[in-house]
Amino acid sequence: MMEQILPPLESLIGKYHIRLDHQRAPAMLEGKVAIIAGGASGIGESAVRLFWQNGAKAIVADIQDDLGQAICDQLDENAIYVHCDVSNEDEISNLVNAAVAKYGKLDIMYNNAGIIDGMPLHHIC
Ligand SMILES: NC(=O)c1ccc[n+]([C@@H]2O[C@H](COP(=O)([O-])OP(=O)(O)OC[C@H]3O[C@@H](n4cnc5c(N)ncnc54)[C@H](O)[C@@H]3O)[C@@H](O)[C@H]2O)c1
C-alpha cells in the first residue's frame, strides 16, 4: 500500500541529493537554518542528525539539556542546543531569537516534542 503512495526512497535520494550516511556535505538543506524541537531523543534526534548531514544548521531544542547538548557535541558548529519547553511561549520566543542571533535567520521549525499520558515516550518504550 505504501509503495503506491510514496516513491521508492532511492528515487528521492537521486532527485534531492539526500544523504543517509554519517558525513556532512552540501545537499538539499545547505544553508538552511532549522529548529528541531524535541530533538534530544527518539525521532527528533534522528531528524537532527539527518538535517545536519544534509547541510542544515540545526538548533536542537528540548527540555533534556544533557542529551541535547551531547548530540551537538558529537556534531560541529552547525548544531547548537537551546533549552526550550514548547509549552512555554516565552521559551519558544527565546528559542527563535537564539536561532536568529546565532545564524542570522530561521528557515524551518520542526516540532517533534511530545509525550504520551504525561510521560516522554522514551520512558515508556
Ligand atoms: N515513537 C512512536 O512510536 C510514536 C508514535 C506516534 C506518535 N509519536 C509522536 O512522535 C513524537 C516523538 O516521539 P519519540 O518516539 O521520538 O519520543 P521521545 O520521547 O523519544 O522524544 C520526544 C522528545 O520530546 C521532548 N519533549 C517532551 N516534552 C517537551 C516539551 N514540553 N518541550 C520540549 N521538548 C519536549 C522529550 O524530552 C524528548 O526528547 C511525539 O510527539 C510522539 O507523540 C511517536
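Start by colouring the protein chain by secondary structure: from the N terminus on, the elements run α-α-β-α-β-α-β-α-β-β-β-α. That gives six helices and six strands, where helices (H or I, at least four residues) and strands (E, at least two) are DSSP runs, numbered from the N terminus. The model is predicted, and local features need pLDDT of at least 70, side-chain atom pairs count only at pLDDT 80 or more, while totals for chains, interfaces and linings use all residues. For your selections, residues are numbered from 1 along each chain as its sequence is written.

**Stop 1: the sheet**

Select the four strands that form an open sheet in the order S3-S2-S1-S4, with parallel pairing. Its edge strands are S3 (79-83) and S4 (108-111), each of which pairs on one side only. Look along the sheet and you will find a twist that averages 20 degrees from one strand to the next. Here two strands pair if DSSP finds at least two bridges between them, and axes are lines fitted to C-alpha atoms, for helices over the stretch in contact, with angles that run from 0 to 180 degrees between N-to-C directions.

Now zoom in on S1 (residues 33-37), which pairs with S4 in the parallel sense over four bridges. Pick Ile35 there, and its bridge partner in S4 is Met109.

Helix H3 (residues 42-53) touches S1, strand S2 (57-62), S3 and S4, and its direction makes about 170 degrees with that of S1. Helix H5 (residues 89-103) touches S1, S2 and S3, and its direction makes about 150 degrees with that of S1. Touching means contact: the C-beta atoms of two residues, placed from the backbone, lie within 7 Å.

**Stop 2: strand S2**

Is S2 enclosed or open to the outside? Six of the six residues of S2 are buried, so S2 is largely enclosed by the rest of the structure. A residue counts as buried if 20 or more other C-beta atoms lie within 10 Å of its own, as exposed if 12 or fewer do, and as partly exposed in between, with C-beta atoms placed from the backbone. Show the side chains: Lys57, Ile59 and Ala61 point one way from S2, while Ala58, Val60 and Asp62 point the other way.

S2 runs parallel to S1, joined by five bridges, and Ile36 stands opposite Val60 in S2. Follow the chain from S1 through H3 to S2 and you trace a right-handed β-α-β crossover. Right-handed means that, with the strands pointing away from the viewer, the path from the first strand over the helix to the second runs clockwise.

Turn to the S3 side, where five bridges join S2 to S3, again running parallel. Val60 has Tyr81 as its bridge partner in S3, and Asp62 stands opposite His83 in S3. S2, H4 and S3 also make a right-handed β-α-β unit.

**Stop 3: the core**

Which residues have the most contacts inside the largest nonpolar core? Select Ile36, Ala58, Val60 and Ala61, from a core of 23 residues. The elements that give two or more residues to this core are S1, H3, S2, helix H4 (65-74), S3 and H5, and the largest share, five residues, comes from S1. A nonpolar core is a set of buried Ala, Val, Leu, Ile, Met, Phe, Trp, Tyr and Cys residues joined through C-beta atoms within 7 Å. In soluble globular proteins, nonpolar side chains tend to be buried together.

Centre the view on Ala61: not counting residues up to four places away in sequence, Ala61 touches Ile35, Ile36, Ala37, Gly39, Val82, Cys84 and Leu95.

**Stop 4: helix H3**

Select H3, whose 12 residues reach 17 Å from the first C-alpha to the last, close to the 16 Å expected at 1.5 Å a residue; the expected span is 1.5 Å times one less than the number of residues. Highlight its buried residues, Gly44, Glu45, Val48, Phe51, Trp52 and Gln53, which pack against S1, S2, H4 and S3. Just after H3, Gly55 takes a positive phi of about 100 degrees.

**Stop 5: Ile80**

Finish on Ile80 in strand S3. Ile80 counts as partly exposed because it has 18 C-beta neighbours inside 10 Å. Leaving aside neighbours within four places in sequence, Ile80 is in contact with Ile59, Cys72 and Lys102.
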